[in-house]
Amino acid sequence: MFKSPRPHAMVIHKKYSDSSPWTPWAYFSSNCHTYFGMPYNRMHEFSRPDEVICREEYSTLQPLYDGEMVFSVINGRPGYEDFFQNEALQFQGKARQDIDNAGNMPFWFRCICNGHGKDCQPISGSGANHKLICVCDPSHHTAGDNCEMCAPGYRDRPWAPATPETPNPCRACECNDNSLRCEFNEEEYHRTGSGGVCVGCGNNTHGKHCELCL
């Protein structure tokens, strides 16, 4: 909420990572054509998941205090009812999730956890920023800020996003208790159905599964 009249023109930008460029996510203006050369249609229907539009209904003079600007990156876009199957919509909703010093302006983010987590939590970032990362479901054995990879020791088959119908958990490597680490080998997976190759076998063992004595 703004503690003063809402701006006549405002652009929300996003970036996917620290190294990617800032790109427009949404435009707000009291006159979209005058400020941005863009059309305005209050009943606009999105034609594609990544379409960027301009809204005028949140840039009026009233109210003078506690005015809102509402912006959803997913709702109403093509495929939003089947979010986990729509890669384009998932990418549209993905951004580097920083919370800066914006006073009392609230932000709500949807965590992009590839179906392997339902919550996210902040971790300290640079300066006053905080980054949000996914809390991965431990039963899925995934890792990464967006649960986008298999956790160490669970790389016996390729990582895949989860859906409501298919959880696609990562599978533990069989190292006969002689190693806790493994790497995925695609050729081995296609040949045998088991792609995990154990790394750093202990107890004087070696082999794909640490199954042989030295």
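This is a predicted model: local features need pLDDT of at least 70, side-chain atom pairs count only at pLDDT 80 or more; totals for chains, interfaces and linings use all residues.
Figure 1. Setting aside residues up to four places away in sequence, His8 touches Phe28, Ser29, Ser30, Tyr35 and Ser59.

Figure 2. Leu64 belongs to the loop between strand 3 (54–55) and helix 2 (87–92). With 45% relative accessibility, Leu64 counts as partly exposed.

**Figure 3. The salt bridge of Arg48 and Asp50.** Side chains of opposite charge can pair when their charged atoms come close. Arg48 forms a salt bridge with Asp50, and the closest N and O atoms are 2.8 Å apart. Arg48 counts as partly exposed at 43% relative accessibility, and Asp50 is also partly exposed, with a relative accessible area of 44%.

**Figure 4. Arg171 and Asp156 in the loop between strand 7 and strand 8.** A salt bridge joins the side chains of Arg171 and Asp156, at 2.9 Å from N to O. Arg171 and Asp156 both lie in the loop between strand 7 and strand 8, so the pair ties together parts that are 15 residues apart in sequence.

Figure 5. The side chains of Arg191 and Glu188 meet in a salt bridge of 2.7 Å, N to O. Both residues lie in helix 3 (residues 186–192), where they are 3 residues apart, about one turn of the helix. Arg191 is exposed at 60% relative accessibility, while Glu188 is buried, with a relative accessible area of 16%. Lys208 joins the picture too: Glu188, Arg191 and Lys208 are linked in a network of salt bridges.

**Figure 6. Polar contacts of Ser179.** Ser179 is another residue of the loop between strand 7 and strand 8, and at 13% relative accessibility it counts as buried. Which backbone atoms lie close to a polar atom of the Ser179 side chain? The backbone nitrogen of Arg181 is 3.1 Å from such an atom, and the backbone oxygen of Val199 is 2.5 Å from one. Beyond its neighbours within four places in sequence, Ser179 is in contact with Val199, Gly200, Cys201 and Cys210.

**Figure 7. Two residues with positive phi.** Asn168 has a positive phi of about 50° although it is not a glycine. Its place is in the loop between strand 7 (149–150) and strand 8 (181–184), and Asn168 is partly exposed, with a relative accessible area of 26%. Cys210, a contact of Ser179, has a phi near 50°, again a positive value in a residue other than glycine. Cys210 is found in the loop between strand 10 (205–206) and strand 11 (212–213), and counts as buried at 2% relative accessibility.

**Figure 8. The disulfide of Cys113 and Cys134.** The count of disulfides comes to 7. In one of them, Cys113 and Cys134 have their sulfur atoms 2.1 Å apart. The torsion about their S-S bond is about -95°, so this disulfide is left-handed. Cys113 lies in the loop between helix 2 and strand 4 (117–124) and Cys134 in strand 5 (residues 130–136), so the pair ties together parts that are 21 residues apart in sequence. Cys113 is buried at 2%, and Cys134 is buried at 8%.

Figure 9. Cys173 and Cys182 form a disulfide with sulfur atoms 2.1 Å apart. With 70° about the S-S bond, their link is right-handed, and both cysteines are buried. A further disulfide joins Cys175 to Cys198, at 2.0 Å from S to S. This pair links distant parts of the chain, with Cys175 in the loop between strand 7 and strand 8 and Cys198 in strand 9 (residues 196–199), 23 residues apart. The link of Cys175 and Cys198 is left-handed, with -100° about the S-S bond. Cys175 counts as buried at 5% relative accessibility, as does Cys198 at 9%.

Technical notes: Residues are numbered from 1 along each chain as its sequence is written. Side-chain values use heavy atoms; hydrogens and water are left out. Helices (H or I, at least four residues) and strands (E, at least two) are DSSP runs, numbered from the N terminus. Buried means under 20% relative accessible area, exposed over 50%, partly exposed in between (1.4 Å probe, protein chains only). Contact means heavy atoms within 4.5 Å. A salt bridge is a side-chain nitrogen of Lys or Arg within 4 Å of a carboxyl oxygen of Asp or Glu. A polar contact is a pair of N or O atoms within 3.5 Å; within protein, one must be able to donate a hydrogen and the other to accept it, and residues adjacent in sequence count only if both atoms are side-chain atoms. A disulfide is a pair of cysteine sulfur atoms within 2.5 Å.
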